[in-house]
Amino acid sequence: MGSEPAFDEAWFASRAQAGIRALKAYDPGHDLVTLRARFRDSRLVELGSNENPYGPSPAAREAMLGELDALHRYPDPRGAGLKHALAARHGVRVEQLLLGNGSHELLMQLAQVFAGPGDDVVYSRYGFAVFALATQAAGARAVVVEPLPRDAAMPLGHDLAAIARAITPATTLVYLANPNNPTGTWFTPAELTAFLAQVPPQVIIVVDEAYAEMADEGTAGSALALLSTHANLVVTRTFSKAYGLAGLRVGYLVAAPGLVAVIERVRESFNVNGPALAACEAAIGDDAHLAWTCARNAASRAALAGALQSRGLMVLPSQTNFVLVEFGAQTARIEAALLERGIVLRPMGGYGLPQWLRITVGTRDENARLLAALDEVLP
Ligand SMILES: *Cc1c(COP(=O)(O)O)cnc(C)c1O
């Protein structure tokens, strides 16, 4: 008896497990397919998603094409070729590596495996959006730590001392991003070492290094060097940013072999496809392209940040391929006016930063178009 359920989103959500019930889906920003069609003739300037405007190594394209005769075959479920290349690159063992369909997948799996109802997951406010999603989807409790104040040397960056203090016996997992998205801020290897010394060994510390290749020598460094002394440490990396392969969806994590073996239990058997495996393995072999891309990015980032600052805008320090910029009370109007001119930036309302926009560092031409449009719309 009783009436039929509505079978709408609210009803199905009520049937979902507790963590999913109140979850909001990841917001990818603007509908780029529609925008590209609208700006077909004038070419859209896409600076909203932190993509690499220079594209991947030509060797990656070549390797991928070589795989097209094998599309009827399943890929290597272990991704052995790519893992061997990564192991050699980072000086780690193959058993320390896990491949993901983007590092987003790996960040989700870490919470799925190591956090659940009754557990606390600690991360910074303005940390990467996936940390909150992963925590909630796992049904764990989010402990959100306030960032460094805006007048600090690293404004809105992770406050590692406060994060260490937020760890309790209920904490199973901590997410850090270095450098962080959307702030662009970073912490040094010395700061991370001091932090790790305060963390109980049973707490798993994830350092998301999606932008590590782009950081200047002597700034953010990498947590990879600390893996041999800290078995509770996990480092995630991606081919989406510096390697220019966001469309292929490949990320990886490096951790203790035992940790990798446990996450293997929830990994989909063929989660990374064959063309992507081949392309990433080839990309790892092209250091020259990576260095070229990172040098171009660093130079363009400095020029763009300087140009924005000279217009009186607050630009956070960045070691990534984007800058977070404060536009104040008129942010929404400015963002909309830029979009009308075919310039896509990333609104930050979803991050609780409605007066800021995140701007990907584009090519010199793209940055020039952005600045010209800004000069038309700034008050
Ligand atoms: C872009 C980004 C990722 C990468 O996501 P993929 O799923 O590998 O494309 C991970 N972490 C941060 C902080 C990022 O900005």
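A polar contact here is a pair of N or O atoms within 3.5 Å; within protein, one must be able to donate a hydrogen and the other to accept it, and residues adjacent in sequence count only if both atoms are side-chain atoms. With that in hand, start at the ligand: a polar side-chain atom of K241 lies 3.1 Å from one of the ligand's oxygen atoms. The side chain of S240 also has an N or O atom 2.6 Å from an oxygen atom of the ligand, while D208 brings a side-chain N or O atom to 2.6 Å from a ligand nitrogen. On its own the ligand exposes 390 Å², and the protein buries 92% of that (accessible areas by the Shrake-Rupley method with a 1.4 Å probe; for residues, only the protein chains shown count as cover).

Before going on, a word on what you're looking at: this is a predicted model, in which local features need pLDDT of at least 70, side-chain atom pairs count only at pLDDT 80 or more, and totals for chains, interfaces and linings use all residues. Residues are numbered from 1 along each chain as its sequence is written, and side-chain values use heavy atoms, with hydrogens and water left out.

The residues around the ligand, meaning those with a heavy atom within 4 Å of it, include G102, S103, H104, F128, N181 and R249.

Of its 26 lining residues, A129, A132, L133, G350 and Y351 sit nearest the centre. Helix α7 gives the most, five residues (helices are DSSP runs of H or I, at least four residues, and strands runs of E, at least two, numbered from the N terminus).

Now for the backbone. Most residues other than glycine have a negative phi, and most peptide bonds are trans. A cis bond joins N178 and P179, with omega about -10 degrees, and P179 lies in the loop between β5 (171–177) and α9 (189–197). P182 is in the loop between β5 and α9 too, and a cis bond joins N181 to P182, with omega about 20 degrees. That N181 is one of the residues around the ligand. Finally, R43, in the loop between α3 (32–38) and β1 (45–46), has a positive phi near 65 degrees.

Terms used
On a 1 Å grid over the protein atoms alone, a cavity is a set of points where a 1.4 Å probe fits but cannot get out, and a pocket is an open set with protein on both sides within 12 Å along at least five of seven lines; lining residues have an atom within 4 Å of a point.
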